[in-house]
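Visitor: I'm new to reading protein models. Could you walk me through this one, feature by feature?

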Amino acid sequence: RGTMECPATPCVVPGLSRNTPYEVGVEEACPSPLKMAPQALAPLALWTLPGVWDVFVGTSQTNSLVVDISQPARMCTVIKECCNDEVFICRAGSLVTMTRADVPGGWGQRLSLRCSALSLDGVVAAELSQ
């Protein structure tokens, strides 16, 4: 945790790690401590670019599986090892429900989810297919 002063806007913060979430707060500096405004926190963790993370899911014996992706995402896609399995996802906060749609069973391949940070919505177009 650190602090820095930005005498002008835009404020550039040096030394941040690539593809890392940061909690950011903004506080107005006043000459008198009695006039200090409360710190305003960003509603989401702000990610440095590219703002994409993978979550290993693995195999499933059941048709549907709920995966915790650790934080809400702008979007997620299923990454397959092989095959033509049809797996659909539904996001709700930091939980993603994966459901196999082409057969009434689970999947034998090791699946992953590739998600992009919600804080990047409207900033960049995530390249999730890489």
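Guide: Let's start with a charged pair: R100 forms a salt bridge with D85, and their closest N and O atoms are 3.1 Å apart. The term salt bridge is used for a side-chain nitrogen of Lys or Arg within 4 Å of a carboxyl oxygen of Asp or Glu. Keep in mind that this is a predicted model, where local features need pLDDT of at least 70, side-chain atom pairs count only at pLDDT 80 or more, and totals for chains, interfaces and linings use all residues. Residues are numbered from 1 along each chain as its sequence is written, and side-chain values use heavy atoms, with hydrogens and water left out.

Visitor: Which parts of the chain does the pair R100 and D85 tie together?

Guide: R100 lies in strand β9 and D85 in the loop between β7 and β8 (87–92), so the pair ties together parts that are 15 residues apart in sequence. Strands here are DSSP runs of E with at least two residues, helices are runs of H or I with at least four residues, and both are numbered from the N terminus.

Visitor: What is the general idea behind such pairs?

Guide: Side chains of opposite charge can pair when their charged atoms come close. In this model, R100 also meets D102 in a salt bridge (2.5 Å, N to O), and D85, R100 and D102 are linked in a network of salt bridges.

Visitor: Are R100, D85 and D102 buried or partly exposed?

Guide: First the cut-offs: buried means under 20% relative accessible area, exposed over 50%, and partly exposed in between (1.4 Å probe, protein chains only). R100 and D85 are both buried, whereas D102 counts as partly exposed at 32% relative accessibility.

Visitor: How many salt bridges does a search of the whole structure find?

Guide: There are 4. One of them joins the side chains of D54 and R114 (2.8 Å, N to O). D54 lies in strand β5 and R114 in strand β10, so this pair ties together parts that are 60 residues apart in sequence. R114 is buried, with a relative accessible area of 16%, while D54 is partly exposed at 46%.

Visitor: You keep mentioning strands. How many helices and strands are there in the protein chain?

Guide: The count is 0 helices and 10 strands. As for burial, 26% of the 130 residues count as buried.

Visitor: And how do I read a nonpolar core?

Guide: In soluble globular proteins, nonpolar side chains tend to be buried together. A nonpolar core is a set of buried Ala, Val, Leu, Ile, Met, Phe, Trp, Tyr and Cys residues joined through side-chain atoms within 4.5 Å. The largest one here has 17 residues, and W53, I69, M98 and L113 have the most contacts inside it. At least two residues of this core come from each of β5 (52–60), β7 (73–79), β9 (95–100) and β10 (107–117). The largest share, 5 residues, comes from β10.

Visitor: What does M98 touch?

Guide: Contact means heavy atoms within 4.5 Å. Not counting residues up to four places away in sequence, M98 touches residues including V57, L65, V78, F88, W107 and L113.

Visitor: What about S112: where does it lie, and is it buried or exposed?

Guide: S112 lies in strand β10. With a relative accessible area of 16%, S112 is buried. Leaving aside neighbours within four places in sequence, S112 is in contact with V55, F56, V57, T77, V78 and I79.

Visitor: How many disulfides does the structure hold?

Guide: The structure holds 2, a disulfide being a pair of cysteine sulfur atoms within 2.5 Å. C76 and C115 form one, with sulfur atoms 2.2 Å apart. C76 lies in strand β7 and C115 in strand β10, so the pair ties together parts that are 39 residues apart in sequence. Both C76 and C115 are buried.

Visitor: And the other pair?

Guide: C82 and C83 form a disulfide too, with sulfur atoms 2.4 Å apart. The torsion about the S-S bond of C82 and C83 is about -50°, so this disulfide is left-handed. For C76 and C115 the torsion is about 105°, so that disulfide is right-handed. C82 is partly exposed at 37% relative accessible area, and C83 is partly exposed at 48%.
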